[in-house]
Amino acid sequence: MTLFKEWRNLIDNQSEESFDEFWKEYSDAETKIYKDILANKDSAFTGKIADLAEKYQVREVIFMGFLDGIGTSLTEELNVEALTADSTIDLKIDFSKLFFNMLKADADYLFGLEEWDNVLTPDERRTIYKDFKRSQIVHVEKKPGRNDPCPCGSGKKYKKCCGNK
């Protein structure tokens with residue numbers, strides 16, 4: 001079984017009793033890895049998965065979860081489904097996209113890390129935050145007027161159909 005399948009299996013089989021412990025393990029690992037990545041933003045993030053998992057003192061399957069999560073923030077696609085513990089990775093991270101994706105995931109424990117101070121300026125983070133907020137705007141469809149045709153398709157006026165309930 002590939003590490004990705006192990007990761008998906010681990011997520012899919014969490015019970016109410018095991019979820020809190022799993023989430024603590026995962027978020028602690030993720031925080032540790034991201035702190036190091038941000039603190040060493042100019043260094044290459046490369047190595048064999050088994051070695052990187054050992055470096056961060058996390059299980060390989062948890063490290064795979066990190067790789068699954070960071071995938072949309074990379075400049076080059078990473079085929080996580082094909083990775084094994086012996087696979088070597090070389091991540092090229094788009095830090096602006098990473099910050100945006102952390103906002104999108106509502107991961108305040110990650111986008112609030114002080115290590116961001118040396119990666120993106122406060123102005124850059126504000127701009128990304130504004131872009132994120134703009135992307136969250138949802139346009140609500142206008143409710144039909146009393147004399148408009150009913151949206152259910154009955155052919156009746158709204159007031160004589162669904163609006164009469």
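A residue counts as partly exposed when its relative accessible area falls between the buried limit, under 20%, and the exposed limit, over 50%. Asp131, at 34% relative accessibility, is therefore partly exposed. The structure described here is a predicted model.

Asp131 takes part in a salt bridge. Its partner is Arg134, and the N to O distance is 2.9 Å. Both residues belong to helix α7, where they sit three residues apart, so about one helical turn separates them. Arg134 has a relative accessible area of 52% and is therefore exposed.

Side chains of opposite charge can pair when their charged atoms come close. Across the whole structure, 10 salt bridges are found. Two others are described here. Lys92 pairs with Asp90, with 2.7 Å between the closest N and O atoms. Lys92 is partly exposed, at 34% relative accessibility. Asp90 is partly exposed as well, at 41%. Asp42 pairs with Lys41, and here the closest N and O atoms are 3.5 Å apart. Asp42 is exposed, with a relative accessible area of 71%. Lys41 is partly exposed, with a value of 31%.

Helix α2, strand β1 (45-48), helix α3 (49-55) and strand β2 (88-91) each supply at least two lining residues. By class, this lining has eight nonpolar, three polar and five charged residues.

The largest pocket holds about 280 Å³ of space. Its lining consists of 18 residues, of which Tyr26, Glu30, Gly69, Ala105 and Leu110 are the closest to the centre. Five helices each give at least two residues to this lining: α1 (3-12), α2 (16-39), α4 (60-70), α5 (95-104) and α6 (108-111). The most comes from α2, which contributes five residues. The lining divides into 13 nonpolar, three polar and two charged residues.

Glu30 is found in helix α2. Glu30 is buried, yet it has no salt bridge. The nearest side chain of opposite charge is that of Arg8, 12 Å away. Beyond residues up to four places away in sequence, Glu30 touches Tyr109 and Leu110.

Leu110 is found in helix α6. At 3% relative accessibility, Leu110 is buried. Setting aside residues up to four places away in sequence, Leu110 touches Glu30, Thr31, Tyr34, Met102 and Trp116. Leu110 and Trp23 are 87 residues apart in sequence, and their C-alpha atoms are 14 Å apart in space.

Backbone geometry was also examined in the loops. Asp106 lies in the loop between α5 and α6. Its phi is near 55°, a positive value in a residue other than glycine. Asp106 is exposed, with a relative accessible area of 59%. Gln57 lies in the loop between α3 and α4. Gln57 is not a glycine, yet its phi is positive, at about 55°. Its relative accessible area is 66%, so Gln57 is exposed.

The segment after α7 (122-135) contains Cys161. Its relative accessibility is 17%, so Cys161 counts as buried. Apart from neighbours within four places in sequence, Cys161 is in contact with Cys150, Cys152, Ser154 and Lys156. Cys161 and Lys55 are 106 residues apart along the chain. The separation between their C-alpha atoms is 65 Å.

How values were computed
Residues numbered from 1 in each chain as written. Predicted model: local features only at pLDDT ≥ 70, side-chain atom pairs only at ≥ 80, totals over all residues. Heavy atoms only, no water. 1 Å grid on protein atoms, 1.4 Å probe; cavity = no way out; pocket = protein on both sides within 12 Å on 5 of 7 lines; lining within 4 Å. Points joined across faces, edges and corners; volume = space filled by probe spheres on them. Helix = DSSP H or I, 4+ residues; strand = E, 2+ residues; numbered from the N terminus. Nonpolar A, V, L, I, M, F, W, Y, C, P; charged D, E, K, R; others polar. Buried < 20%, exposed > 50% of the residue type's maximum accessible area, 1.4 Å probe, protein only. Contact = heavy atoms within 4.5 Å. Salt bridge = Lys/Arg side-chain N within 4 Å of Asp/Glu carboxyl O. Lys, Arg positive; Asp, Glu negative; His and termini not counted.
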